[in-house]
Amino acid sequence: MRKLMKVIVGTLLPVLLLSTMGASSVQATIAGPSTHAQSAALIDVTSGRILYSKDGDKESRIASLTKIMTAIVAIEEGKLDAKVKVTPSSFAKEGSSLYLKLGEEMTLENMLYGLMLRSGNDAASAIAEHVGGSEEGFVLLMNKKAEQIGLTRSHFMNPHGLDAEGHYSTANDLARLTAYALHNPVFKRIVATENKSAPNPNESWEYSWHNKNKMLRLYEGADGVKTGYTKKAFRCLVSSATRDGQQLAAVTLNDGDDWNDHAKMLDFGFEHFPLIEIATQEQPVQNMELVTGRGFKYPLAKGEQEDITKTLVLLDKRTQDAVTENKQSTDPSFGLAGRIEMQLKGEPIGSIPVYYKGSYIPPEPPIADATIGGIGEVTTWVSAWKAVLSRLLSP
């Protein structure tokens with residue numbers, strides 16, 4: 001194992017979360033608002049920290065909240081401009097529908113708008129068959145994605161959310177899924193849309209879809225996400241809102257007063273857990289010729305900043321030579337000195353790369369790419385950093 005040098009630092013906190021959900025184990029201890037929900041959760045989208053949870057790990061039916069997973073899998077696995085055809089098995093699906101005609105074709109992007117704004121079950125099945133080859137094939141992708149994200153109490157049996165045995169999730173898992181999905185700019189744009197029109201190949205008029213999510217109109221800063229209802233799941237809702245650069249997502253399952261409860265939950269999060277700027281990009285590390293690779297904000301309650309500890313982990317000389325050997329000056333690992341790890345109340349919540357002063361520091365990636373959910377291929381910046389970490393820890 002390559003040697004790493006650890007140094008305790010007192011003036012700087014780590015920045016890049018190696019997993020979006022890495023901070024979620026540090027749940028808030030402040031009592032949250034009273035709700036009518038059977039279970040509920042509130043999450044900070046940037047960090048993945050769960051700020052409030054009520055029976056958040058209780059496995060429940062989730063109705064059309066399922067379509068959050070359907071949408072993000074389709075966005076990641078499909079091509080937005082590809083034509084999706086309505087097959088006999090997706091045509092006239094029970095429940096909410098876009099009323100697509102048999103054999104009708106629509107771009108995947110427009111069908112995703114119909115899926116998320118009007119909760120079209122016909123769109124869900126058509127998308128699943130197009131992307132997964134069959135509905136069953138797509139469900140395999142859904143469950144694979146759930147495993148990759150770290151949803152330990154979720155299992156999907158279909159892409160639309162109609163009641164089925166073995167189809168369930170939890171408020172906490174749905175909060176983590178939503179935080180993951182909202183880092184995707186396409187998903188984020190779709191769920192924030194109030195009205196959308198789309199070409200209709202069979203009629204002289206266009207499709208016109210009005211978002212069922214009333215939170216977009218009821219709550220200041222609301223920008224998502226999805227409604228849901230079946231006779232067995234009852235009313236389900238995931239909402240999101242952004243204020244002062246902070247985005248929160250709320251989840252309620254089986255809640256007869258969800259619009260009001262979501263407003264209370266979001267208010268609670270913004271009031272008690274504002275994003276605190278912990279570090280800025282190229283911030284000097286005390287008493288060392290090092291600077292940070294990027295900046296970081298983290299949601300903290302009053303007094304929690306005192307519970308954060310930091311550790312500087314430096315590469316040893318042999319590893320540093322291996323990292324810099326034959327590297328271009330614009331390689332993200334060139335000049336890399338190590339990383340700073342951060343814990344809140346003893347639990348790890350993030351890590352930031354540090355560089356030697358005067359060396360090349362790669363540009364800070366967009367937020368959609370900076371947090372990686374623990375999986376997948378992301379930007380060159382994050383991919384390179386992960387590769388460097390792999391070299392550091394390899395035998």
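At roughly what angle do the axes of helix H1 and helix H4 cross? I will take that question as my way into this structure, which is a predicted model. The axes of H1, residues 66–77, and H4, residues 135–149, come within 10 Å and cross at roughly 95 degrees. Because angles of 65 to 115 degrees count as roughly perpendicular, H1 is roughly perpendicular to H4.

If you look at where these helices touch, H1 contributes Thr66, Met69, Thr70, Val73, Ala74, Glu76 and Glu77, while H4 contributes Phe138, Leu141, Met142, Lys145 and Ala146. Sorted by class, this contact has seven nonpolar, two polar and three charged residues.

Let me turn now to another helix, H5, which covers residues 171–182 and reaches 16 Å from its first C-alpha to its last, close to the 16 Å expected for its twelve residues. Is H5 enclosed or exposed? Twelve of its twelve residues are buried, so H5 is largely enclosed by the rest of the structure; among the buried residues are the charged-class Asp173 and Arg176, as well as Leu174, Leu177 and Tyr180.

Finally, there is an open sheet of five strands, with antiparallel pairing, whose order is S3-S2-S10-S9-S8. Strands S3 (50–54) and S8 (222–230) stand at the edges with a single partner strand each, so one side of each is left without a neighbour in the sheet. Neighbouring strands here are turned by 5 degrees against each other on average, direction ignored.

Definitions and conventions
Residues are numbered from 1 along each chain as its sequence is written. This is a predicted model: local features need pLDDT of at least 70, side-chain atom pairs count only at pLDDT 80 or more; totals for chains, interfaces and linings use all residues. Side-chain values use heavy atoms; hydrogens and water are left out. Helices (H or I, at least four residues) and strands (E, at least two) are DSSP runs, numbered from the N terminus. The expected span of a helix is 1.5 Å times one less than its number of residues. Buried means under 20% relative accessible area, exposed over 50%, partly exposed in between (1.4 Å probe, protein chains only). Axes are lines fitted to C-alpha atoms, for helices over the stretch in contact, and angles run from 0 to 180 degrees between N-to-C directions. Angles under 35 degrees count as roughly parallel, over 145 as roughly antiparallel, 65 to 115 as roughly perpendicular and the rest as oblique. Contact means heavy atoms within 4.5 Å. Two strands pair if DSSP finds at least two bridges between them.
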